Amino acid sequence: MFEYKFVRIEKKNTGFLQGPTENYQEIIHTHAAEGWRFVQFVIMPSAQAVGFPEYYDLIFEKKAD
């Protein structure tokens, strides 16, 4: 049995620069040190701007206690 954790990262709101507002590599390293395994990221599309992300979700898992 596993438990999952979802970490939302908002996108930059500066015109065409639509990257994440936080350092995703640092977030992954921090969670790995806490026993979480990075599984996947999901880009959630914006309803207002087709082709641009609304936000990013990082998905982590670890064995449930």
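## Getting to know this chain

Of the 65 residues in the protein chain, 26% count as buried. Keep in mind that this is a predicted model.

**Exercise 1.** Work out how many helices and strands the protein chain has, and in what order they run.

*Solution.* Start by counting: the protein chain has one helix and three strands. Next, walk along from the N terminus, and the elements come up as β-α-β-β.

**Exercise 2.** Find the residues that form a salt bridge, and say where they sit in the chain.

*Solution.* Step one: the structure holds one salt bridge. Step two: its partners are E61 and R37, with their closest N and O atoms 2.6 Å apart. Step three: E61 belongs to strand 3 and R37 to strand 2 (residues 37-45), so the pair, 24 residues apart, links distant parts of the chain.

**Exercise 3.** Decide whether E61 and R37 are buried, partly exposed or exposed.

*Solution.* Buried means under 20% relative accessible area, and exposed means over 50%. E61 has 8%, so E61 is buried. R37 has 48%, so R37 is partly exposed.

**Exercise 4.** Pick out the residues of the negative surface patch, then take a look at E54.

*Solution.* The patch is made up of E10, E22, E26 and E54. Now zoom in on E54: you'll find it in strand 3 (residues 53-63). Its relative accessibility is 33%, so E54 counts as partly exposed.

**Exercise 5.** Say what share of the accessible surface belongs to carbon and sulfur atoms.

*Solution.* Take the accessible surface of the protein chain, about 4,900 Å². Carbon and sulfur atoms account for 57% of that surface.

How values were computed: Residues numbered from 1 in each chain as written. Predicted model: local features only at pLDDT ≥ 70, side-chain atom pairs only at ≥ 80, totals over all residues. Heavy atoms only, no water. Patch = residues over 30% accessible without salt bridge, like charges linked within 9 Å, V, L, I, M, F, W, Y side chains within 5 Å. Areas by Shrake-Rupley, 256 points an atom, 1.4 Å probe, with all protein chains shown as cover. Salt bridge = Lys/Arg side-chain N within 4 Å of Asp/Glu carboxyl O. Lys, Arg positive; Asp, Glu negative; His and termini not counted. Charge placed at Lys NZ, Arg CZ, Asp CG, Glu CD. Helix = DSSP H or I, 4+ residues; strand = E, 2+ residues; numbered from the N terminus. Buried < 20%, exposed > 50% of the residue type's maximum accessible area, 1.4 Å probe, protein only.
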